[in-house]
Amino acid sequence: MKIALLGYGRMGKEIEKIAISRGHEIIIRKELNDVIDITLADVAIDFSVPDAAFNNISDCIKKNVPVISGTTGWLARYAEATAFCEQENGAFIYASNFSLGVNIFFELNKQLAKMMNSLEDYRISLEEIHHTKKLDAPSGTAITLAEGIIANSKKENWNLGEEISNKNIPIIAKRIPDVPGTHTVWYESEVDTIEIKHTANSRKGFALGAVVAAEWILNKTGVFSMKDVLNIR
Ligand SMILES: NC(=O)C1=CN([C@@H]2O[C@H](COP(=O)(O)OP(=O)(O)OC[C@H]3O[C@@H](n4cnc5c(N)ncnc54)[C@H](OP(=O)(O)O)[C@@H]3O)[C@@H](O)[C@H]2O)C=CC1
Ligand SMILES: O=C(O)C1=N[C@H](C(=O)O)C[C@H](O)C1
């Protein structure tokens, strides 16, 4: 498979290693202002910056190149991107987190939210810890976790920082050098605490998931998620 990397930073370089080890070829490594011919690629993998993701994705869809995006912090335009993909008969997957472990953690989080829904004594909170170079907060993964709880509980929204209302899930974002990504969901009462936590030990799991998604989407059209790729039901 000929792969275009849209973004050649920490993730782009990690994806390159995994892709080559699985027999693929990297034919484009796009950074900030590079002009590229995306039509040379079988598939594009976007791990860029929040301001660039939407244009990178739209350009691939317009030119009929399947696109995987892991960039976070641009989701205000996600609905526009999926509508454009449907309109153009393109192929697109966005995931806030491509690791297998986190995608299982997402399901566990939803199950736990359902089980805790009627237990009014527990206070829910979320924490995400990432390296100091991260541009967005809260992390895309923390937002997906919060949305998973909201869909399965009486909570209505999330906010960054301390709790502002009992209808909201507070998300604390911490920045510590070199942390690849740690997410914790807490349910705390006066008598006990339930905690579920995912710790990424490196970026390898994110990169592998993105390459597996790129292999999976070839010759398909539509908007998909990692649940489709991993066949999680
Ligand atoms: N979904 C997931 O599983 C994961 C998602 N991420 C997300 O992926 C994104 C990238 O993370 P990371 O690799 O750590 O970040 P980096 O800052 O290391 O890399 C971003 C890269 O994008 C480049 N870039 C800037 N503008 C453009 C553009 N217009 N087109 C293409 N590339 C551009 C930057 O180039 P330059 O340096 O020249 O500006 C840089 O090489 C973030 O949004 C992060 O949150 C990260 C890990 C896992
Ligand atoms: O920026 C990162 O590094 C990461 N970003 C993603 C996010 O915002 O959730 C995924 C992972 O946690 C690493």
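This is a predicted model: local features need pLDDT of at least 70, side-chain atom pairs count only at pLDDT 80 or more; totals for chains, interfaces and linings use all residues.
**Ligand 2**

Around ligand 2 I find Thr 72, Ser 96, Asn 97, His 130, Lys 134, Ser 139, Gly 140, Thr 141 and Gly 181. I sorted this shell by class and got 8 polar residues, 1 charged and no nonpolar.

**Binding-site annotation**

Next I checked UniProt, where an unreviewed entry has a "binding site" annotation covering His 131, Gly 140 and Thr 141. Gly 140 and Thr 141 are also among the residues I listed around ligand 2.

I looked up His 131 and found it in the loop between strand E6 (123-130) and helix H5 (140-150). Leaving out residues up to four places away in sequence, His 131 touches Pro 177, Asp 178 and Val 179. Its C-beta has 14 others within 10 Å, so I note His 131 as partly exposed.

Thr 141 sits in helix H5. Is Thr 141 buried or exposed? I count it as buried, because 25 other C-beta atoms lie within 10 Å. With the residues up to four places away in sequence again left out, Thr 141 touches Ser 96, Asn 97, Val 102, Glu 128, Gly 181 and His 183.

**Ligand 1**

I then moved to ligand 1, which has 24 residues around it. The closest are Gly 7, Gly 9, Met 11, Ala 52 and Gly 70. By class I get 10 nonpolar, 11 polar and 3 charged for this shell. Helix H1 (10-21) and helix H2 (50-62) each supply at least two of its residues. Which element gives the most to this shell? I have H1 down for that, with 3 residues.

**Domains**

The domain assignment gives me domain 1 (2-98 + 204-230) and domain 2 (100-199). I read off 26 Å between their C-alpha centres. At the contact, 10 residues of domain 1 meet 11 residues of domain 2. On the domain 1 side, the elements giving two or more residues are H6 and helix H7 (226-230). That side has 4 nonpolar and 6 polar residues, and no charged ones.

I also looked at residues 24-98, which the unreviewed UniProt entry lists as "domain: Dihydrodipicolinate reductase N-terminal". Over this stretch I get 32% helix and 23% strand, with the end C-alpha atoms 19 Å apart.

**Cores and helix H6**

The largest nonpolar core has 39 residues, and within it Ile 45 and Ala 210 touch the most other members. Helix H6 (residues 204-217) gives the most to this core, with 8 residues. Apart from it I noted another core, of 15 residues, including Ile 143, Leu 145, Ala 146 and Ile 169. I listed the contacts of Ala 210, not counting residues up to four places away in sequence: Ile 15, Ile 45, Ile 68, Gly 70 and Phe 98.

My last stop was Glu 215, which is found in helix H6. I count Glu 215 as partly exposed because it has 17 C-beta neighbours inside 10 Å. From Glu 215 to Ser 225 I have 10 residues in sequence and 14 Å in space, C-alpha to C-alpha.

Technical notes
Residues are numbered from 1 along each chain as its sequence is written. Chains are lettered from A and ligands numbered from 1 in the order in which they are written. A residue is near a molecule or strand if its C-beta atom, placed from the backbone, lies within 6 Å of it. Ala, Val, Leu, Ile, Met, Phe, Trp, Tyr, Cys and Pro count as nonpolar, Asp, Glu, Lys and Arg as charged, and the others, Gly among them, as polar. UniProt positions are given in the numbering used here, feature names are shortened, and annotations may be inferred rather than shown by experiment. Helices (H or I, at least four residues) and strands (E, at least two) are DSSP runs, numbered from the N terminus. A nonpolar core is a set of buried Ala, Val, Leu, Ile, Met, Phe, Trp, Tyr and Cys residues joined through C-beta atoms within 7 Å. A residue is buried if 20 or more other C-beta atoms lie within 10 Å of its own, exposed if 12 or fewer, and partly exposed in between; C-beta atoms are placed from the backbone. Two residues are in contact if their C-beta atoms, placed from the backbone, lie within 7 Å. Domain bounds come from an automatic or database domain assignment.
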